[in-house]
Amino acid sequence: MAVIDHEAELARAGANVRGPLSSILFFARSYPLGALGALIMLAFVATAVFADAITAFDPLTTNAHDSLAPPGDRHTLGADFMGRDVLARIIYGARISLAVGLGATALGCLGGMIVGLMSGYFGGWLDLTVQRLMDIMQSLPLLVMALVMAASLGPSLTNTIIAIAIPLVPNVARVIRSSTLALREMPFVEAARAVGMSETRIAITHVLPNTLAPLIVLATAQLGSAILVESALAFLGLGVPEPHPSWGRMLSESAAEYVRTAPWLVIFPGVAISAVVFGTNLLGDAIRDMLDPRQRF
Amino acid sequence: MLEVHNLQTYFYTRAGLVKAVDGVSFSLWSGETLAIVGESGCGKSVTALSLMRLLADPPGRIVGGAVRLDGRDLLGLNAAAMRQVRGKDVSMVFQEPMTSLNPVMTIGRQIGEALMLHGAGSREGVRDRTLEMLRLVGIPEPAQRVREYPHQLSGGMRQRAMIAIALACNPKVLIADEPTSALDVTIQAQILELMANLQRKLGTAMILITHDLGVVAETADRVIVMYAGRKVEEAAVDELFARPLHPYTRGLMRSIPRFAVMRNGVAPAGRLQEIPGMVPALSALPTGCAFAPRCAFASDICRRDYPRYEEKRAGHWSACWHSDRLVGAADG
């Protein structure tokens, strides 16, 4: 029989996890892909926050001399038709992606939380009406819905966030509603009633916090789609307007004309979008595995 | 102090009208423990929920009677006034300590919440009272426990925490709905002892709902036996155990497994006697005495007319045509 190294087994189970650094390392070891996702997201957020410190170039300054300069010493990732540095535009573009991604996700989750909680907890005709409304919204794909919204609201940063947030509401509302339906029958809700708590208060202080685990999982997944939809809207010319650099618009400006002559204009923004969406998905999957009690041991 | 008069709680279901509680009356003095016993579905839990007005409507509705607490009719209060009563004047301990606490909230917050709802004043006041309650219910290291979540506590500890929540605002009446049924036997005794102690200390009146006659014998002062939504017997606990005047009560007592000492390896004679048959469906009660189909004493009159609920002996009430014969029939 093989000799069992008890210390090693315990370490593998996480028995020696103490303090934040050790927790992070344990997470990285348990979910290596999740850690990679977290790393990508961290890099993405850091890029957005410290954009001006990272690159010396201004993303808006044009320079006729550098028009369509290939990647090289002066412009690491090349320059576009107007001689603007591609790297700088990608770095500053992270701000737009992050703002729209986080803003739309937060707004969508908030709206979905309110709708789902009311619908699930109070039920009745309210639930029926609201859910049919959600059905209608869900019958259109996220992108189409956002397209319609963005087109009718007009291009601006706030409008882009709203246009993406509203189509996210039904997804969140569904998840919150279904957990609320189960939670409102729990004995602790009855117990809260027995100490004299009002229904609204029970819904907010007792039911809502219990729905957060699935919400966090959903929110990470939605963050990726929000960023993707932002790029798509920008690609179609409905996103954040010029001159702010947006990854989607960088693609659309260049794709048609320069894809053959200056491929760096298409490749690098495309890589940026893919990497960030990939990162959110990896992180989201890891969080889902971590929070799913059925997969715990 | 608490007076329940002719309480009627009906359920309007697809199967028809279910008279879950049909004309139950009792009174509760301060400091007293009243046990309500009966099989599953006899209406004891519904009685408790009716007192708190916590029944889901539909399907359940209190259709008649009065519940008076210090002379105030609880059934006439509006929803907001009733919320003020719950937790403050009348509170409740539930059967399931595992699921009756919110899993994502610390123990301290859940106790503090009850206090805050009924105006406990400052943050420090709430914290001190929370710690005091945890100490009172015998939870070790209260300062540590207030920050813990329910999953970090054992079943017995959780039930102690539930009791702390229920007693936090010094209620006049504590309703305990099968408080020990979900616990280990060793823990059961501890919890019962704790509740008895706290009751003595705080002077709370208690309604103990249970199907366990052992629990009744240990803690109650008075006992009400319910069957099919009605009271069938009521007496002081010693009197009831010494001289049951309803065949149903007698049947319940006989169906308790007794730990008899085996001498010379010989088991005591006689097997456990269960009550034959099942509790009748409340939507289709037989005419006459509801227990008649299962009763060894039943005669024609039992099947024809419901027996009057009468005081057979001093302080000992029963609803049976044949109580006299029961006294005569020696019970081994």
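Because the model is predicted, local features are reported only at pLDDT of at least 70 and side-chain atom pairs count only at pLDDT 80 or more, whereas totals for chains, interfaces and linings use all residues. Residues are numbered from 1 along each chain as its sequence is written, and chains are lettered from A and ligands numbered from 1 in the order in which they are written.

Helices (DSSP runs of H or I, at least four residues) and strands (DSSP runs of E, at least two residues) are numbered from the N terminus, and two strands are taken to pair if DSSP finds at least two bridges between them. In chain B, four strands form an open sheet with antiparallel pairing, in the order S2-S1-S4-S5. Its edges are strand S2 (16-28) and strand S5 (72-73) of chain B, each of which pairs on one side only. S1(B) and S2(B) are antiparallel and share ten bridges; they form a hairpin with two residues between them, and Thr13(B) has Gly16(B) in S2(B) as its bridge partner. Strand S1 (residues 2-13) of chain B is also joined to strand S4 (residues 60-69) of chain B, to which it runs antiparallel, by eight bridges. Within S4(B), Val67(B) stands opposite Val4(B), and Ile62(B) is the bridge partner of Thr9(B).

A further open sheet of chain B has eight strands with mixed pairing, in the order S6-S7-S8-S3-S9-S10-S12-S11. Strand S6 (90-93) and strand S11 (310-313) of chain B each have a single partner strand, so one side of each is left without a neighbour in the sheet. From one strand to the next, the twist averages 25 degrees, with angles, which run from 0 to 180 degrees, taken between N-to-C directions, and axes being lines fitted to C-alpha atoms, for helices over the stretch in contact. Helix H6 (residues 155-167) of chain B packs on this sheet and touches S6 and S7 of chain B, its direction making about 175 degrees with that of S6(B); here residues are in contact if their C-beta atoms, placed from the backbone, lie within 7 Å. Strand S7 (residues 173-177) and strand S8 (residues 205-210) of chain B run parallel and are joined by five bridges, and Asp177(B) stands opposite Ile209(B) in S8(B).

The largest nonpolar core holds 167 residues, of which Ile164(A), Ala164(B), Ile175(B) and Ile207(B) touch the most other members. Such a core is a set of buried Ala, Val, Leu, Ile, Met, Phe, Trp, Tyr and Cys residues joined through C-beta atoms within 7 Å, a residue being buried if 20 or more other C-beta atoms lie within 10 Å of its own. Helix H5 (residues 86-122) of chain A supplies the largest share of this core, 15 residues. When residues up to four places away in sequence are not counted, Ile175(B) touches Ala48(B), Leu51(B), Met52(B), Val90(B), Met92(B) and Ile207(B).

In chain A, the axes of helix H7 (residues 142-153) and helix H8 (residues 157-183) come within 8 Å and cross at roughly 145 degrees. The residues making this contact include Leu142(A) and Met145(A) of H7(A) and Asn159(A) and Ile164(A) of H8(A). The axes of helix H9 (residues 187-194) and helix H10 (residues 199-207) of chain A come within 11 Å and cross at roughly 135 degrees. Phe188(A), Val189(A), Ala192(A) and Arg193(A) in H9(A) meet Ile202(A), His206(A) and Val207(A) in H10(A).

Technical notes
A residue is buried if 20 or more other C-beta atoms lie within 10 Å of its own, exposed if 12 or fewer, and partly exposed in between; C-beta atoms are placed from the backbone. Two residues are in contact if their C-beta atoms, placed from the backbone, lie within 7 Å.
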